[in-house]
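Q: Please take a close look at a single part of this model.

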Amino acid sequence: MKVMKWSVMALAVAAGTSQMAVASQQSESKGFVEDASLDLLLRNTYWNRDYRHNRGLAGVEYDRKTWAQGFIATFESGFTQGTIGVGVDAYGLLGVKLDGGQEDMFPGGPKNWEDDISEAGAAVKFRLSNTTLKYGKQFITLPVLATDDSRLLPEAFTGGIITSNEIEGLELNVGRFTADSAMGRADSDSVALKSINLIGGTYALTENLNASVYFSDVEDVYKKKYANINYVMPLADAQSLTFDFNIYKTSDIEIAGDADDNTIWSLSTKYTVGSHAFILAHQRVSGDTGYLYNNGDGGGAIWVANSYLSDFNSKDERSWQASYELDFTGYGVPGLFWKSAYVYGDNIDTGNGEGTEREFFNQVSYVVQNGAAKDLSFKVRNSTYRSSNNMNQFYIPDTNEWRLFVEYPLSIL
């Protein structure tokens, strides 16, 4: 709670002493059509999740082997000129099953997945000076409400959000959403969200120091407070230390029996030297339950350090991470990036003794830098996950997983 209070105070003091933004975004508008864009992202993905030990007939986990092609079209208009600008954003999604199937990509069930899935949505937007109001179906990326875009097609929310950048370096968000269309589902509210209200913002206190504070209330589910402090300490040439602290405080939990509250926090330290980066992180969970999310606040609403295949977010869990990153730009191969991480968690309250889990994560990605295939990207991700025998009820059994993505963005307008 002290972290929350100090973060709020820091934001208030900093905002009060800041200069107003010099230029008005709306005054620089060129028009509805002139500033419009239409993009198409072609996404081909293959998943292979091998469950080493199925859970048995009462809770079978079928191995996942899914190959699919996604088409993600997004249209963003400009704003009409004048004191208040008006515009429209829209999207269209199409997923085509090429082989296999799984619930977070296609409707249906094991051995009976549907062949395709499609969805469309639009939002109207208004802008006054540097403040925008947007209402309709849209993608959101905030720590307490975050679209999950880790599979074939992204999750979408229906509602309204006000985003203000009137003070230089300060972004404020206030929103209310009443529907959540999860990945792999075409209806507008597959999650049956009643409502979520949120408020918060991020402020750049200095060039190297940022702070965020957010609050949310998912109706009949839980309430959350979130805070983040990120500081980059420059060292010698091409060297720096980055400290990143995240914390969620969940209260009034109504979906976990007698649970009342939960706290999860993580602190990571990243040392960058040239093309190399070395990361150490610690994450800790306390309270009546593990950290809960994706209950109307999105599958991406877990901005903590140790979130990979497992989120290491079980009750009373303590987890440690050691990871390494290599940017091959310094070796003459721009666009090539490699990351490896090992995370170990223990002290998990399973209700049947202490549980442990561990994950070895590797990811290689490459983006074509020029030529006819410029911006074509490839990503290969592998996770090897193992846990103690009393952990099966928490997430997944022992798993070997491969995720392969090929993406090609096309700018049509």
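By class, how many nonpolar, polar and charged residues does the lining of the second largest pocket have?

A: The lining of the second largest pocket has seven nonpolar, twelve polar and eight charged residues. Here Ala, Val, Leu, Ile, Met, Phe, Trp, Tyr, Cys and Pro count as nonpolar, Asp, Glu, Lys and Arg as charged, and the others, Gly among them, as polar. The model is predicted: local features need pLDDT of at least 70, side-chain atom pairs count only at pLDDT 80 or more, and totals for chains, interfaces and linings use all residues. Residues are numbered from 1 along each chain as its sequence is written, and side-chain values use heavy atoms, with hydrogens and water left out.

The second largest pocket holds about 520 Å³ of space. Of the 27 residues that line this pocket, Glu76, Phe79, Asp89, Lys125 and Lys134 are the closest to its centre. On a 1 Å grid over the protein atoms alone, a pocket is an open set of points where a 1.4 Å probe fits, with protein on both sides within 12 Å along at least five of seven lines; lining residues have an atom within 4 Å of a point. Grid points are joined across faces, edges and corners, and the volume is the space filled by probe spheres set on the points.

At least two residues of the lining come from each of β1 (37-51), β2 (64-76), β3 (84-99), β4 (116-128), β5 (131-138) and β8 (156-164). Strands are DSSP runs (E, at least two residues), numbered from the N terminus.

β4 also gives the most to the lining of the largest cavity, with three residues; a cavity is a set of points where the probe fits but cannot get out. The volume of this largest cavity is about 50 Å³.

Key. Helices (H or I, at least four residues) and strands (E, at least two) are DSSP runs, numbered from the N terminus.
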